[in-house]
Amino acid sequence: MENYENLYPVDDELQKFIDYRKRTGSIWRGVFLMSLFVAILVLIVLMLNIINDAFGLVAVENEIDPHSLVIDYQENTMVNMPNTLVSADHGDLANGIIDNDSAIGFIGHAHYQANADELRLIAVDGQFPTAETVADGSYPFVRPLYIYTALDTLQSEPAVAEYFRFYLENANLVVGEMGYFPADETLVADQISLINKLAGSPQTADSVTGDLALSGSSSLYPLSRQMLVDFRQAGFNGDIGIEQIGSTAGIEAFCAGDIQVLNASRPMTAAEASACQRNRINPVEIAVGLDALAVVSNPSLDFLESVSWNELSLIFTAMNFWDEIDPSYPALPIVRSVPSAGSGSLNFLSARIFSDIALENLPTAAYADIIRDKLGRGRGRALERDQRFLADGFIFDSESAFTTACASDEPPTGCSLGARDRDNLFDVIEQEIIVPQVQETWPLYDSLFKQQEIVNRASAKYPDAIVEFKSWLNRDFLFNPQSSEAELAGVRTAIWGTVMVVATTFLFSFPVGVGAAIYMEEYADQTLWYNKIIQTNISNLAGVPSIIYGMLGLTVFVRLLLPLTSGQFFGRVAEGTDPSGRTVISAGLTLGLLILPIIIINAQEALRAVPNSMRRAGMGLGATKWQTTWSHVLPQALPGILTGTILAMSRAVGETAPLIVVGASTVIRTDPTFFSRFTVLPIQIFQWTSRPQAEFQNLAAAAIIVLLIILLTLNASAVILRNRYSTSN
Amino acid sequence: MSSQNGSTSYAVQAKDVNVYYGDFRAVKNINLDIEKNKITAFIGPSGCGKSTLLRAFNRMNDLIPISHMNGEIIYRGKNLYDDDVDPVEVRRRIGMVFQKPNPFPKSIYENIAWGARINGYKGDMDQLVEESLRSAAIWDEVKDKLDQSGLSLSGGQQQRLCIARTIAVKPEIILMDEPCSALDPIATLKIEELMRQLQEQYTIIIVTHNMQQAARSSDFTAFLNMDTEDRSGYMVEFSETSEMFTNPQNQQTEEYITGRFG
């Protein structure tokens, strides 16, 4: 024995040996830790990448601003209310209020000032229009007044530049007595120096030559006219002329190059400015003063001191008697004076009063009105024949035309379906009228850290677009069907497709797989050569590439079993149409074949894990093999079988290749049935990622999140199931 | 070697029994008459085929695919291995208790009731459960927790539950394959007491490694040994227990029971 002992290391050598072993151990530990880090890192990068794409800023350009639909609707309501005087002439409006004891209305402040003794000025949200409240912006109904000219005109015609300078220097002196409010002094000074910079140093009125022709807003007309008269008195000796055609028409003519100097009671919109740019006209915008709209009533309405925003909205669009606004008011009818729709004042007012009302908050009846007003007749008729907009009448069709259509051989679905509901009407408005289009998208990282840069670039590039933060994964995304418009596309049909395909897969592969496993484990003599071959084959089938199952599914389910998988055999294919085997059933059965070996192998493992003593106990009591298997073996194997099955199902949920071969469709807009064409989430993702537009990459990322959530839910349920059964045992 | 009693008192008889696992003969040429309402013990060294022989009595060997046998097991004048005999019925008549307690992972009540139900028992189940548990001397311990899992009991209790389960289907013979090998001495004693009580109604065949147990609790003892040449088991000696342990006829038997080999 002594000899052997000498062969082991001692002392220093022993210490070295121990150190060496420890070192080797720590190196391996480090290697394993690194592997873990790499795995976690990859997962995190993957998740971040998906999240980066699924959320972020988007520039959406609507064909029609949804808020303008609200404003239009509310304006319409306003002018169509009973007891309402509508006029473009503010003098008429004032007279209407003066003549009626319970009247209220909007008129220009200048007109109030002219009739101040016969009218009662009412505060809006506690604010009266005064020089202070108008200047600091606390009075809400104030709009700036502008004069415009083209940069070329300003630089080449000294009369225009001099008139602009004269206007800025003198307007504030006269606005007070004319009922306007002065422009900010600093702004005036800044604008004078801007003109000096653009058109050279000032000259005198009598030294400049050329003519002046003004046109545009009627609100600004009196002031601009006064300025022309004063300019002439200061010595200008060219021809002068001024017309009033309204701001909008004026801007249009100006941008067409027809107007030398434009009067406008509102700033140019971005779209109008770009229309000017296209005609090589560079507008120069000069703010010359402020115009206020006053809320006034007949002096007899002395109970009314101030109105809130909500009261304004109620008074002008909803209620008919004063006591409906407040029970303490007398039960007098509300009589209204409102500027007419063409005047521009109404648009300005309603934009302020109804700024908080979103399209989603309008009543259902409003949706029908908006559709009637904005949707083209042809498209409207087509949609109405699909499904009616109103339960009790028609928007686009006459009653007789509809009746004729319903009496035909193939009546449109609109004849039998009930009227569209609120959500449906809203969808029609969104898809047919607003038509949002994503112009550009930015990933989450850029959206968070370069927000200002993005907003600046987007407003330059897409002046009409709204830049907003968008979660591509939202309620609409889950509930909308597929669409070619990224903004409207969703995964509802894909989720339904996935659910139905997987349900088919489960119904097929679970009983067949578990049955086969029971036979192999409990009945078959595994020592026999053919059973060995079967077992080996099953194991090998689990490793066959999934696309090969796709080929199998195409041949067997789509082609050979066409009458069954298309539903023809069950009378589910309409006469005269070609049956198609590319259905949910075919896809489900194909995936069922794909996961069958996995289910069999997992179920066999689970059955094998049941101790043999259970089988002997059962048999020893005089039970048959089936009784023993059913009562004792299967219940104990069930958690394992279910876990394996659920994991196999999650494989099926994520499978793409075989379904492409079987013939998944990519654009499915109606919810699938078992015998209809189908799409599933992975196919949808695949299709979106292969499209060139960036916004579809975002949709794909959102769909990936949905798919991951479904998969995680499935796997979590497998874990819960396993834990629950193992604790109950 | 065989008993002197008349053939009518035999519960079961083995005639020229050979059991094979594939080509290997596990036990050979066994001739054995088991007397009614007696306890017969099989003793012998490991691997001598005691359990194999025991399983031959209720065709449990059928469950092992590679095993087959020849010879006859005569029960009620009929060979159990005749073609017209259903092994399922055999196992009901000749019950079995295993080495390791193996109650079903179900309630105590269900452990007893299941065997009765699958065998078509039509009487009052509660009564049967109680009677079986009483017969297995475990009623007092479990009567308040019949709905608890059989696995919640201790090892000795589980084994008595397994015995109760076996006698619930009213067998005539109970085969016990080393029923106490996984139990502590106190639980072992309880099982032995139980065997003595059961003996009044049942014929019991027990395989044991424990010579004291065989000596204490059996009426007859069969000593099996392994043939050194072909490694198959054969029966060396079979006699009344008292005689075998006091006056063994065979040299090997004497060496085994005095602990000189095995």
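Okay, let's start at A:Arg280, which sits in the loop between α12 (270-278) and β9 (283-297) of chain A. Helices here are DSSP runs of H or I with at least four residues, strands are runs of E with at least two, and both are numbered from the N terminus. This is a predicted model, where local features need pLDDT of at least 70 and side-chain atom pairs count only at pLDDT 80 or more, while totals for chains, interfaces and linings use all residues. For bookkeeping, residues are numbered from 1 along each chain as its sequence is written, chains are lettered from A and ligands numbered from 1 in the order in which they are written, and side-chain values use heavy atoms, with hydrogens and water left out.

Back to A:Arg280. Its phi is positive, about 60°, although it is not a glycine. Most residues other than glycine have a negative phi. A:Arg280 counts as exposed, because its relative accessibility is 75%; the cut-offs are over 50% for exposed, under 20% for buried, and partly exposed in between, with a 1.4 Å probe and protein chains only.

You'll find B:Arg59 in the loop between α1 (50-56) and β4 (67-75) of chain B. So is it buried or exposed? B:Arg59 is buried, because its relative accessible area is 12%. Its side chain makes a polar contact with the side chain of B:Asp62, at 2.9 Å. By polar contact I mean a pair of N or O atoms within 3.5 Å; within protein, one must be able to donate a hydrogen and the other to accept it, and residues adjacent in sequence count only if both atoms are side-chain atoms. Not counting residues up to four places away in sequence, B:Arg59 touches B:Leu80, B:Tyr81, B:Asp82, B:Val85, B:Pro87, B:Val90 and B:Arg91. Contact just means heavy atoms within 4.5 Å.

Zooming out on chain B: there are 10 helices and 10 strands, and buried residues make up 56% of its 262 residues. Among its contacts between residues at least 6 apart in sequence, 67% join residues at least 24 apart.

Now the interface. On chain A, 17 residues are in contact with 21 residues of chain B. The area buried between the two chains is about 1700 Å², with carbon and sulfur atoms giving 69% of it. That's the accessible area (1.4 Å probe) that two parts lose on being put together, summed over both. A:Met619, A:Leu621 and A:His632 supply 34% of the area that chain A buries against chain B, more than any other three residues.

Next, the packing. The largest nonpolar core has 44 residues, and those with the most contacts inside it are A:Phe477, A:Ile595, A:Leu659, A:Phe678, A:Trp688 and A:Leu699. A core here is a set of buried Ala, Val, Leu, Ile, Met, Phe, Trp, Tyr and Cys residues joined through side-chain atoms within 4.5 Å. The largest share of this core, 10 residues, comes from α27(A). Taking A:Leu659, and leaving aside its neighbours within four places in sequence, it is in contact with A:Ala587, A:Leu591, A:Ala664, A:Phe678, A:Val680 and A:Ile683. Apart from that core lies another, of 42 residues, including B:Ala41 and B:Leu183.

Last stop, A:Phe402, in helix α18 (residues 399-407) of chain A. A:Phe402 is buried, with a relative accessible area of 3%. Its C-alpha atom is separated by 9.3 Å from that of A:Pro412, 10 residues apart along the chain. Leaving aside neighbours within four places in sequence, the contacts of A:Phe402 include A:Glu384, A:Arg385, A:Phe394 and A:Cys415.
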